[in-house]
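Please look through the protein shown below, first as a whole and then in its parts.

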Amino acid sequence: MPAHTFHSAAAPLTGRIRVPGDKSISHRALMLAGLAVGRSTIAGLLEGEDVLATAAAMRAMGAAVEREADGTWVVDGAGLGSLIEPAGALDMGNSGTSTRLLMGLVASHGITATFTGDASLSRRPMERVITPLARMGAAITASPGGTLPLMIRGALPAVPIAYRLPVASAQVKSAVLLTGLNTPGITRVIEPVPTRDHTERMLAGFGVKLEIGEEDGATVIGVHGEAELAPLDVTVPGDPSSAAFFMVAATLVPGSDLTIANVGINPTRAGLIEALRMMGADIAEENPREVGGEPVADLRVRHAVLRGAGIDPALAPAMIDEFPALFVAAAMAEGTTTTCGLEELRVKESDRLAAMAAALDLAGARVEERGDGLVIHGTGGEPLAGTPEGARVATRLDHRIAMSMAIAGLASRSGVAIDDTAPIATSFPDFTALLEQAASPAPSSPDLRSETLP
Ligand code: S3P
């Protein structure tokens, strides 16, 4: 467990940085390319442990997945319907997205696969995926409580269903749609609350026929089964969930003026920008454009003192992974920030409400934990005290807790010590180096500040 202390910023965050590729989009690109007939390429793939787990699983099921020397990934698809049975268990590491989406792929192929994961993933609920996939015909045996390790035997043919999402989850939506790909007829997902739509966008990119409509205020997504996926050259935009830490850091550290280039601003992911702006943040979207079927911009973030706010729970799905970072921002705002409707945060890589309440409390913030959110009384722009000597924040196998508390350290008087930086590699291997680069005293000529490529 590599412990690390993140010290208060030596200088404002300035210059121009790039964050690595979007994790959600990277998983989907590998999976769909692996189902296509022919050769796809993926530029800007996130090379974090979670995505590498997906790459290994697709290889184990018959796709040829290779990284070229220039960083492009090349995938020769196995072809939909032609996935082969993996020889051993599929180790999903820390990755809930890999597990739930790949279960969807297996569910309509005539193969059996076993999924295992680390201690964090092995506690997370899989029942939400098991229920619809079993309804489509898959036979699934899970560990007690509907957890990993689990074994799934796909149905051939699977049965198309119309499934109304009981939780706002893009992973459940995607698992059902992916099962629908190799299922006769049309499989439908009814989504009362919009969640990230990367699966839908990328399915269309690979040539799959989708029907997207509305019914009583809910979105209905239908996928035509027995599809043929044509290969595609995908470019993955920068991950807004990774940019979030730098958006908050630049907002909190006085004098900062940081541009984060090439960040995905898909409206189903952009809730943090809206929430921070509501609190008084100065975030400009420059050079808006489209990359790989997704809206992208360069985000210019300048320091601002934030005001506490009530965060509308309707924003939650569009910033579900960004709450740990938002809590850090709230800890230094003027007044009180209230969040609610966040029960889902308790079943992420850790219980993020409990983990962040404990971590921020240790770092000197005033936090109240409620059943479905945190109430945070900010310092009014004063730095947090930092962790007491010898005390270390528990990151609980959760990359986003580790990175959020790193930012809290940057904005603290005496630094924040965290117990384990290893989980950061699941989504953002170069995080610490990039943070040090952005917050180091500027070189004499701004032109010398190079863009850090992932
Ligand atoms: C993801 C969906 C979200 C998110 C996760 C990635 C995805 O999970 O928290 O990090 O790529 O579909 P839920 O579907 O559980 O909300």
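**Overall fold**

In the protein, 77% of the contacts with a separation of 6 or more are made by residues 24 or more positions apart, where contact means heavy atoms within 4.5 Å. This is a predicted model, in which local features need pLDDT of at least 70 and side-chain atom pairs count only at pLDDT 80 or more, while totals for chains, interfaces and linings use all residues. Residues are numbered from 1 along each chain as its sequence is written, and side-chain values use heavy atoms, with hydrogens and water left out.

**Size, surface and charge**

- Along the principal axes, the C-alpha atoms fill a box of roughly 60 × 45 × 45 Å.
- Of the 454 residues, 57% are buried, a term that means under 20% relative accessible area with a 1.4 Å probe, counting protein chains only.
- The 35 positive and 52 negative charges have mean positions 2 Å apart, with Lys and Arg counted as positive, Asp and Glu as negative, and His and the chain ends not counted; each charge is placed at NZ of Lys, CZ of Arg, CG of Asp or CD of Glu.

**Elements and domains**

- The secondary structure comprises 12 helices and 21 strands, which are DSSP runs numbered from the N terminus, helices being H or I with at least four residues and strands E with at least two.
- Domain 1 covers 3-21 + 237-453 and domain 2 covers 23-230, with bounds that come from an automatic or database domain assignment.
- The centres of domain 1 and domain 2, taken over C-alpha atoms, are separated by 29 Å, and 25 residues of domain 1 are in contact with 26 residues of domain 2.

- Helix H9 (residues 323-331) is largely enclosed by the rest of the structure, because 9 of its 9 residues are buried; among them are Phe323, Leu326 and Val328.
- The buried residues of H9 pack against several elements, including helix H7 (240-252), helix H10 (352-362) and strand S20 (373-377).
- Gly378 lies in the loop between S20 and H11 and is buried, with a relative accessible area of 18%.
- Although Gly378 and Val328 are 50 residues apart in sequence, their C-alpha atoms are 9.3 Å apart in space.
- Leaving aside residues up to four places away in sequence, Gly378 touches Ala330, Ala331, Met332, Ala333 and Gly335.

Technical notes: Buried means under 20% relative accessible area, exposed over 50%, partly exposed in between (1.4 Å probe, protein chains only).
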